[in-house]
Amino acid sequence: MEGSKLHRERSPFYLVLALLLQGRGSTFTINCSGFGHYGVDPSILNPVFERKAFRPVTNISLPTRVNISFTMSVILDVDEQLQLLSSFLWLEMVWDNPFISWNPEECKGIAKFSIAAKNLWLPDIFIVESIDVDKTPKDLKAYVSNEGRIEYNEPMKVSSVCNLDIFYFPFDQQNCTLTFRSFVYTAEHLVLGMEKEVWELTDVSREIVQAYGEWELLSIKKATPKMSVGPNLYDQIAFYVSVRRRPSLYIINLLMPSSFLVAIDAISFYLPAESENRAPFKITLLLGYNVFLLMMNDLLPTNGTSLISVYFAVCLSLMVVSLLETVFITYMLYLATTQPPPMPRWLQALLLHCTRPRRCCPTAPRKGNKGLGLAPTHLPDLKEPAELVGTVPGPREAGSNGCPESVRAQHEQEAQKQHLIELWVQFSLMMDTLLFCLYLLLLASSIITVIVLWNT
């Protein structure tokens, strides 16, 4: 009795050993008595279940071929700071089990049924770039066909390491790699193949991903490099996934408001330079732009330098330069109307040259002006010519004072000062126009440069 008991305990070992020895394994046909109108009796596959710890081969020297394919259903997130691509995949693996076969005609027409995957041998395929712990749901099913072909579908959330380049955000395109290979079996024991063509994977995945989400799938390409670890060589399949961000959200919430504020800042140059409202208006715009950047900061990448950050910095710098230009012109006008310094002769010649008729000049003289033509009667501390004439004493008054020469000299001095004020005001307005043209040139060149970089 002890001998028979020992024989029963060792019989599974001898069965497995027979499968491992070259040329000793053999297939068997399932008895159709286990098939009925209410399904399939799982006990008919007990001999197969007992072999689940070993590769299903009749000759140990032959490798098991596992065909894989996947469908990328969702691109969950692209973390620029951690350099991770999070996606949801449906992984499909197909292989043959030579120990399973039956005749569908004799088994009530049943050619395929599902069983618990935990009772079968499963290939240990994993993604090399994945950093997540395997969270595959338990108690998954596998389909078994009458020819011994097993189809196993595994849903998996993958957070894979990816070299992300955010310089062209939000018009960026990212290229990531998903490499599938076995953890234990070398190329001598397990060979990977494709269950579907790459273009089929791309088309199906693109249709699903385009339905929703921030990212769209561009293409999936395949390569089959071998991986050598010490003396062992592993078979693997690398998929190169190319995705592109949908920029509409960032165009509406970031680029358009910023462009509008910069455009309003440029238009504010048409406010009169001598007006007291231009500088406060530009200060309000500058503060509003800073508040806008603080509110939209969550939409910007937190890692690295992106082109949109450079664009915002350029816009902010242009608005600061615009404010400084307004302060400079306002100071020049104030200085011209209060304490105008002597104007050099070369500057007077330049003003005369720029204000000649039939020439294109930055600032055209106003109607009704004489000489250089500008009588800035709207400026503070500047008197009207009539007012200056009214203050000049008549002959009798001059005679009663007894000093007509001093009055004439004072009148000439006032006239010279008035003329000097007109010269400096004309120069200030010309500088305002010139700086405005330089501002527009700098603004246009900056925007064109950013657009060209984005297009590349």
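# Working through a predicted model

Colleague: Is Leu-285 buried or exposed?

Modeller: Leu-285 is buried: its relative accessible area is 10%, and buried means under 20%. Bear in mind that this is a predicted model.

Colleague: Where in the fold is Leu-285?

Modeller: Leu-285 sits in helix α5, which covers residues 278–295.

Colleague: And which residues does Leu-285 touch, leaving aside its neighbours within four places in sequence?

Modeller: Leu-285 is in contact with Leu-261, Ile-264, Asp-265 and Met-319. Take Leu-261 as an example: 24 residues separate it from Leu-285 along the chain, yet their C-alpha atoms are 7.0 Å apart.

Colleague: How about Ser-258, which helix is that in?

Modeller: Ser-258 belongs to helix α4, residues 248–267. Its relative accessible area is 0%, so Ser-258 is buried.

Colleague: What is Ser-258 in contact with, once neighbours within four places are left aside?

Modeller: The contacts of Ser-258 are Tyr-289, Phe-292, Tyr-311, Phe-312 and Cys-315.

Colleague: How far apart are Met-332 and Phe-427?

Modeller: They are 95 residues apart along the chain, and their C-alpha atoms are separated by 9.0 Å.

Colleague: Across the protein, what percentage of contacts with a separation of 6 or more comes from residues 24 or more positions apart?

Modeller: Such pairs account for 76% of those contacts.

Colleague: Let's switch to α3. Which of its residues are buried?

Modeller: In α3 the buried residues are Val-198, Leu-201, Thr-202, Ser-205 and Val-209. Viewed down the axis of α3, they fall within an arc of 95 degrees, so they line one face of the helix.

Colleague: Why would residues three or four places apart point the same way?

Modeller: An α-helix has 3.6 residues a turn, so residues three or four places apart point the same way.

Colleague: What do the buried residues of α3 pack against?

Modeller: They pack against the strands β3 (64–79), β10 (190–194), β11 (215–223) and β14 (236–245). On the other side of α3, Trp-199 and Glu-207 are exposed.

Colleague: What span should α3 have?

Modeller: At 1.5 Å a residue, the 12 residues of α3 (198–209) should span 16 Å, and the end C-alpha atoms are 16 Å apart, which agrees.

Colleague: New topic. How much space is in the largest pocket?

Modeller: The largest pocket holds about 650 Å³ of space. Its lining has 25 residues, and those nearest the centre are Asp-134, Lys-135, Thr-136, Glu-154 and Met-156.

Colleague: Which strand gives the most to that lining?

Modeller: β8 gives the most to the lining of the largest pocket, with 6 residues. The strands β4 (84–96), β6 (125–127) and β8 (149–161) each supply at least two. By class, the lining of this pocket is 15 nonpolar, 2 polar and 8 charged residues.

Colleague: And how many cavities of 30 Å³ or more are there?

Modeller: A search of the whole structure finds 2. The largest cavity has about 60 Å³ of space. Its lining includes Arg-51, Phe-54, Asn-97 and Trp-121, and by class it has 6 nonpolar, 2 polar and 3 charged residues.

Colleague: Last one, the backbone. Where is the cis peptide bond that involves Pro-170?

Modeller: The cis bond joins Phe-169 and Pro-170, with omega about 5 degrees. Pro-170 is in the loop between β8 and β9 (173–182).

Colleague: And what is the phi of Gln-83?

Modeller: Gln-83 has a positive phi of about 60 degrees, although it is not a glycine. This residue is in the loop between β3 and β4. Most residues other than glycine have a negative phi, and most peptide bonds are trans.

Methods:
Residues are numbered from 1 along each chain as its sequence is written. This is a predicted model: local features need pLDDT of at least 70, side-chain atom pairs count only at pLDDT 80 or more; totals for chains, interfaces and linings use all residues. Side-chain values use heavy atoms; hydrogens and water are left out. Helices (H or I, at least four residues) and strands (E, at least two) are DSSP runs, numbered from the N terminus. The expected span of a helix is 1.5 Å times one less than its number of residues. Buried means under 20% relative accessible area, exposed over 50%, partly exposed in between (1.4 Å probe, protein chains only). The arc is that of the directions from the helix axis to the C-beta atoms. Contact means heavy atoms within 4.5 Å. On a 1 Å grid over the protein atoms alone, a cavity is a set of points where a 1.4 Å probe fits but cannot get out, and a pocket is an open set with protein on both sides within 12 Å along at least five of seven lines; lining residues have an atom within 4 Å of a point. Grid points are joined across faces, edges and corners, and a volume is the space filled by probe spheres set on the points. Ala, Val, Leu, Ile, Met, Phe, Trp, Tyr, Cys and Pro count as nonpolar, Asp, Glu, Lys and Arg as charged, and the others, Gly among them, as polar.
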